[in-house]
Amino acid sequence: MTDTRANKRFRSQEWFDNPNNPGMTALYLEKYQNGTFSAEELQADRPIIGIAQTGSDLAPCNKIHVFLADRIKAGIRDGGGIPMEFPVHPIQETGKRPTAALDRNLAYLSLVEVLHGYPIDGVVLTTGCDKTTPAMLMGAATLDLPAIALNGGPMLDGWWKGKRAGSGTIIWESRRLLAEGKIDYPEFMKRACASAPSLGHCNTMGTASTMNAMAEALGMTLTGSSAIPAPFRERMNMAYETGKRIVQMVLDDLKPSDIMTREAFENAIVVNTAIGGSTNAPPHLAAIARHVGVALDVKDWETVGFDAPLLVNMQPAGEYLGESFFRAGGVPAVMGELAKAGMLHMGAMTASGQTVGDALAGIESEDLDVIRPVSDPMRTKAGFLVLSGNLFDSALMKTSVISPDFRARYLSTPGAEGIFEGRAVVFEGPEDYHDRINDTDLGIDAETVLFIRGVGCVGYPGSAEVVNMQPPDALIRQGINHLPTVGDGRQSGTSESPSILNASPEAVVGGGLALLQTGDRVRLDLNESRLDALVDDAEWAQRRADWVEPVLHHQTPWQEIYRKHVGQLAQGGCLELATAYQRIAHDLPRD
Ligand code: FES
Ligand code: MG
C-alpha cells in the first residue's frame, strides 16, 4: 500500500497546529500536555488515533481491552500515530437493566459526539459483548472516519462434567433441568459458572461471537481477528497489528463507507447463515447499514441468506465452542469455504487493504468436523425466514436451530409439511409470563403457541430477549422442551429455540400482535413464510377500533428520549433522526 501522507492535513491539526488560530491552539496544546503528551508530539504531523475503550469493571465481557490497549497503543506508535484512549458508555449484556439493548443507541450517540468533537483522525473500536460491536460500528459509520474493529475474543471453552458448557446455552438447558427437578439451585449456579472460565466474551455462537464475525465479514477487522480466544497470544499480536494498521488506513483515507458497501452486507448475511449466527444480527446490521447509507431490507435476510448452508458446528446450532472454531480457522476458513462455492462477493474491500478475494486466497477449513465444506454442510438452506401476516409486517425465524423433534411434532404433518395450526396464549411481557405460565387454567398443551408482546424497542423499552419462553413445567416433564413461541421482542443469540421474533411493528405502537387474544387460532405456514391469526375480518377490525394506545412508564430521562425517537427492530431499532447524519467527520465543529 502506498504512503499517501504527502500533503495530507489531519483533522486533529485543526486543534493542535492551527497558525490561523493561535489562541485556541494554545489552549488545546497546554491542556493535553497535562495528561500524556508533549507539544512536540502533538505538532509532529502525525495522526491521532482514538481507542474507543469498551472494557471496564461494569463491562467484564470486554475487560480484556483494558490490557489489550497497551498493545494497540504500541502498534499505533510503531505505525507512526499517536494513541488517545477514551472511555465508552458501558454496555453489558446480562448486567444492564432493563436491557443492554436500550444502551446500544446511547453508546452510539456518545461515540459520535466524541469522534466528532475531539481531535481524532481514526479510531480503533474495541468490541466484544453483544451490543458493543454494533454500537461502535454504527458510530464509525455516521462519522465515516477511518476505523477498524478489534474484539476481545471469546472466553476459553467451558466444561461441566466432561462436556462443553457454552455461554448462555447451558443456562437454557439448566433452566429446563431445574424445572424437571433433575438439578437443584446450587448445581444450576455451578453449571452457569463453569461456562465462563476466563476473560473474554461468550464462547458460543451467540450474539457476541456473531457480531464480531459480522464485523470481520463486513471487512471492518483484520483478517482472522474475530475468533481468537481472549487469553491466546495471537490476541495480543492482533491488537498490535490492528493498532499499526489503523495509522495506514488514515494515511490512505480508507473509510467505513469504502468497506461497508452493499456487497459487504450481503457477504455478512451469507456468513451469518454459515456460522449459525444470532437472530440479533439482522437488527444490528440494519442499523449499521442505515448509518453508513446502504439500503438493506429485512427481507434481504431471506433472499440473500436463507439458501446458504450451515457450516459451523458450534453451540447453539451445533456442538463445539470458540476454541475449536478458532483452531479450525475461524471466520476466514468459513469465508474460504463459501468463496470456493462462489457464494461471496470477492471484490469487497477490507480494513487490511486487501479485497475479500485476496485476503482469503488459499484459506480453507482446518478441521472439517468444526467447519464443514459447502459440499457437506451441517444443514442446507439454513438461514432465517422472514415471516409476515396479519400479526406483523415482519418477524424472523432461525431455522438452523429447529430440532428434529420440533420439526416432527409441528412441521411434518403428511400433506401439510411446514404448516402448523394452534391455539394462542398471550402474555403481556416477561413478568406476566412468569406469573402465569404454570397456571393450568390457561390450558397450555402441545398444540399451544405462546405469544409475548410489549417487549419491543418502545414497549420494553429497548426490546427484551424473552421470546424463547419455556413451556410449563408439567409439559417439560412430559418431554416437550419447546413450544412454538412468537413475540415482538428478541431472544438471546445463545438460545436454541426456534422462536418467531423481532416482530415489527411491535404491539405498543399498534402492530397486529396488539389485537391477538388468548384462545385465538393461529396458523404458521413456513412454505409461504406467513403467520396469521385466524380471526375474521370484521372481528379484527372491531378489535382495531377498540385498541387503546398504552401509557408507558419511563424510569429515566434516556428511556423517554429513546422511546420518542426509536424505530422498529426490522429497521434496526435506530434513533430515527440520527440516520440523517452521515459522513460528518469533515464537517468540523466550531472551536
Ligand atoms: Fe457479554 Fe455474552 S454476555 S458477551
Ligand atoms: Mg443477550
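Predicted model: local features only at pLDDT ≥ 70, side-chain atom pairs only at ≥ 80, totals over all residues.
Residues are numbered from 1 along each chain as its sequence is written, while chains are lettered from A and ligands numbered from 1 in the order in which they are written.

Stay with Asp-45 for a moment. Its phi is positive, about 65°, although Asp-45 is not a glycine. The residue sits in the loop between α3 (39–42) and β1 (48–53). Helices (H or I, at least four residues) and strands (E, at least two) are DSSP runs, numbered from the N terminus.

Now step back to the whole protein. It has 22 helices and 16 strands. Along the principal axes, the C-alpha atoms fill a box of roughly 75 × 55 × 45 Å. Of the 591 residues, 57% count as buried. Among contacts with a separation of 6 or more, 78% join residues 24 or more positions apart. (Contact means C-beta atoms, placed from the backbone, within 7 Å.)

UniProt, in an unreviewed entry, lists "domain: Dihydroxy-acid/6-phosphogluconate dehydratase N-terminal" at residues 46–358. UniProt positions follow the numbering used here, feature names are shortened, and annotations may be inferred rather than shown by experiment. That stretch, 46–358, is 50% helix and 9% strand, with its end C-alpha atoms 29 Å apart. The unreviewed entry also places "domain: Dihydroxy-acid/6-phosphogluconate dehydratase C-terminal" at residues 369–572. Here the chain is 19% helix and 24% strand, and the end C-alpha atoms are 34 Å apart.

Next, a helix pair. Helix α9 (residues 207–218) packs on helix α13 (residues 281–292) at an angle of about 35°, with the axes 11 Å apart. (Axes are lines fitted to C-alpha atoms, for helices over the stretch in contact; angles run from 0 to 180 degrees between N-to-C directions.) Thr-210, Met-211 and Met-214 of α9 meet Ala-281, His-284 and Leu-285 of α13. These residues divide into four nonpolar, two polar and no charged. (Ala, Val, Leu, Ile, Met, Phe, Trp, Tyr, Cys and Pro count as nonpolar, Asp, Glu, Lys and Arg as charged, and the others, Gly among them, as polar.)

Ala-281 lies in helix α13. It counts as buried because 27 C-beta neighbours lie inside 10 Å. Beyond residues up to four places away in sequence, Ala-281 touches Thr-210, Met-211, Met-214 and Asn-272.

Arg-97 and Pro-98 are joined by a cis peptide bond, with omega about -5°. Pro-98 is in the loop between β2 (82–87) and α5 (101–117). Another cis peptide bond links Gln-315 and Pro-316, with omega about 10°. Pro-316 lies in the loop between α14 (300–305) and α15 (322–327).

End at Ser-529. Its phi is positive, about 50°, although Ser-529 is not a glycine. Ser-529 is found in the loop between β15 (521–525) and β16 (530–533). With 19 C-beta neighbours inside 10 Å, Ser-529 counts as partly exposed.

Note on methods
Buried ≥ 20, exposed ≤ 12 C-beta atoms within 10 Å, placed from the backbone. Contact = placed C-beta atoms within 7 Å.
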